[in-house]
Amino acid sequence: MYLLAAVFLDALFGDPKRLPHPVGGVGLIIRFWEKFFYRKDDKKRGGTLFCRAVLATTAAAVGLVLLAASFASPVFYGAAVLYLLYSALAWRSLKDETLPVAVSLFNGDIPRAREELSRVVGRDVQSLDEAGIIRAAVETIGENFIDGVFSALFFAAAGYAIGGPAVSVMLTWLFKAVNTMDSMVGYDNERYRDFGRACAKLDDALNFIPARLGGIVALLAGVCLGYAPLRGLKVFLRDRKKHKSPNSAHGESAFAGLLGIRLGGGASYGGVFEAKPEIGDNLREPDAADILRAHSVLDASVALCVLILLCL
């Protein structure tokens, strides 16, 4: 099955760094259409048209790649499907990007840990102490488990069930296009508040079911690893909606409950402090090993997803 092979390749190699990454292509599409539609006086309507244009262009690009590969040979077609599914996953890269933070903390190098963290989070890191660095890293793992791993697997599996490999790839990359649009224009600031509204709402809608299922999968994975199930479930049920996004706290609350640490709270972005609710219980101070524990929950969650796919 293509999807299982894609998960294996992601575990083995992580993000393809020496090959053209489809996310980069989606980014170019987004920038092109943003320049075209942002000139509209009605930013909300312009943003809606922009969103439709990006999705249509992404669908056309994916369709052309698959069509060209199918004309070349079955081998080329299979390779194209596998590469497009594999490159949509961010399991290995999520660990690769947060592991240097943990290593720096183990070495007692707080400035280096802040520098490594700044590569993967949008918040200001200059004033973070060790506990703040750990919380930010674990939050990133918990939140991106949904966006970067589970949701992609969800849409890939749904597409495969509906229409086979081609539909699987198409649904996966339409989701990735929406998710990338949200990360590029879905900000609540003067420039994008109205223009990015359609993209942000669509991203919320697409992640609604995967976020909730993904949180449950993370809890089950934590139970398999020996973490306290009732504690994890309590925090998940209590704190999963403590975020301005309807989906972001589901993964974070599951990880916080399993590890027994507090996440969330306020953070500074571009020098502006943004208050946020706290997630989890402050049962103990976080330590650098919590980043590795979060990695183990992430690994077990993906393994559980693979087991579910095999059963299906």
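## Helix packing exercises

P22, V23, V26, G27, I30, R31 and E34 in α2 meet W173, K176, A177, T180, M181, M184 and V185 in α8, where contact means heavy atoms within 4.5 Å. This is a predicted model, with local features needing pLDDT of at least 70, side-chain atom pairs counting only at pLDDT 80 or more, and totals for chains, interfaces and linings using all residues. Residues are numbered from 1 along each chain as its sequence is written, and side-chain values use heavy atoms, without hydrogens and water.

**Exercise 1.** Sort the residues of the α2 contact with α8 by class, then describe the crossing.

*Solution.*
- Sort: nine residues are nonpolar, two polar and three charged. Ala, Val, Leu, Ile, Met, Phe, Trp, Tyr, Cys and Pro count as nonpolar, Asp, Glu, Lys and Arg as charged, and the others, Gly among them, as polar.
- Take the axes: helix α2 (residues 22-37) and helix α8 (residues 165-185) cross at roughly 60°, their axes coming within 10 Å.
- Classify: α2 and α8 are therefore oblique to each other.
- Assign the hand: the crossing of α2 past α8 is right-handed.

**Exercise 2.** Characterise the packing of helix α6 against helix α7.

*Solution.*
- Take the axes: α6 (residues 110-118) and α7 (residues 130-163) pack at about 25°, with axes 10 Å apart.
- Classify: that makes α6 roughly parallel to α7 (angles under 35 degrees).
- Assign the hand: α6 passes α7 in a left-handed crossing.
- List the contact: I110, A113, R114 and L117 of α6 meet E130, I133, A136 and A137 of α7.
- Sort: six are nonpolar, none polar and two charged.

Note on methods
Axes fitted to C-alpha atoms, helices over the stretch in contact; angles between N-to-C directions. Helix = DSSP H or I, 4+ residues; strand = E, 2+ residues; numbered from the N terminus. Parallel < 35°, antiparallel > 145°, perpendicular 65-115°, else oblique. Left-handed = near helix turned anticlockwise from the far one by under 90°.
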